[in-house]
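Work through the exercises below with the coordinates open. Each task is followed by a solution in steps.

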Amino acid sequence: MIAAEAIVRGIDSPSIHQLAGLSQRDDPRDIRDLYRAAMDELGIDIPNADALRWEYVHFWAQCMLNGSLSPYEAASKVSAESFRLGEPEALRDMYALTLLWEDDPGHRTALERSMLEAAKSLHHKR
């Protein structure tokens with residue numbers, strides 16, 4: 001359906017037409033291969049998984065900074081991405097703060113301030 005919608009909107013390539021003719025019952029590998037071919041034909045780079053994870057990290061940090069998620073909720077999401085990224089040094093503070101938040105309820109306010117500082121640091125490195 002997405003491929004058919006793309007065609008209606010004027011996005012066109014041979015692989016897009018083939019994708020539009022497929023359904024959920026088709027082999028996922030065929031769908032993936034046609035998707036990649038279509039992106040290549042359209043000159044669109046497909047970001048790798050790590051690049052997308054870093055996008056998530058920055059998104060969750062921004063959610064913390066704008067208040068749409070609590071510091072702990074956002075830091076937990078960042079920590080999950082950190083694990084998937086192989087625990088890069090840039091995210092170690094956020095991970096440690098989530099562990100401390102869980103283990104030390106008496107200091108959560110101070111830990112949340114530190115989480116906000118870590119999010120600001122991530123935001124500035126972007």
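**Exercise 1.** Does S82 count as buried or exposed?

Solution. The model is a predicted one. Start with the location: S82 belongs to helix α5. Next, take the relative accessibility, which is 3% for S82. Buried means under 20%. S82 therefore counts as buried. Finally, list the contacts: with neighbours within four places in sequence left aside, S82 touches E87, P88 and L91.

**Exercise 2.** Describe how helices α4 and α7 pack.

Solution. Two packed helices are described by the angle between their axes and the distance between the axes. For α4 (residues 49-66) and α7 (residues 108-125), the angle is about 130 degrees and the axes are 9 Å apart. Angles of 65 to 115 degrees count as roughly perpendicular and those over 145 as roughly antiparallel. The two helices are therefore oblique to each other. The crossing of α4 and α7 is left-handed. On the α4 side, the contact is made by V57, H58, A61, Q62, M64 and L65; α7 supplies M115, L116, A119, K120, L122 and H123. Sorted by class, this contact has 8 nonpolar, 3 polar and 1 charged residues.

**Exercise 3.** Which residues of the largest nonpolar core touch the most other members?

Solution. This core has 20 residues, and those that touch the most other members are V57, M64, V78, L91, M94, M115 and L122. Two or more residues each come from α4, α5 (71-84), α6 (92-103) and α7. Take V78 as an example: beyond residues up to four places away in sequence, V78 touches V57, W60, A61, L91 and M94. Another core, of 6 residues, lies apart from the largest one and includes I16, L19, L34 and M39.

Key: Residues numbered from 1 in each chain as written. Predicted model: local features only at pLDDT ≥ 70, side-chain atom pairs only at ≥ 80, totals over all residues. Heavy atoms only, no water. Axes fitted to C-alpha atoms, helices over the stretch in contact; angles between N-to-C directions. Helix = DSSP H or I, 4+ residues; strand = E, 2+ residues; numbered from the N terminus. Parallel < 35°, antiparallel > 145°, perpendicular 65-115°, else oblique. Left-handed = near helix turned anticlockwise from the far one by under 90°. Contact = heavy atoms within 4.5 Å. Nonpolar A, V, L, I, M, F, W, Y, C, P; charged D, E, K, R; others polar. Core = buried A, V, L, I, M, F, W, Y, C linked by side-chain atoms within 4.5 Å. Buried < 20%, exposed > 50% of the residue type's maximum accessible area, 1.4 Å probe, protein only.
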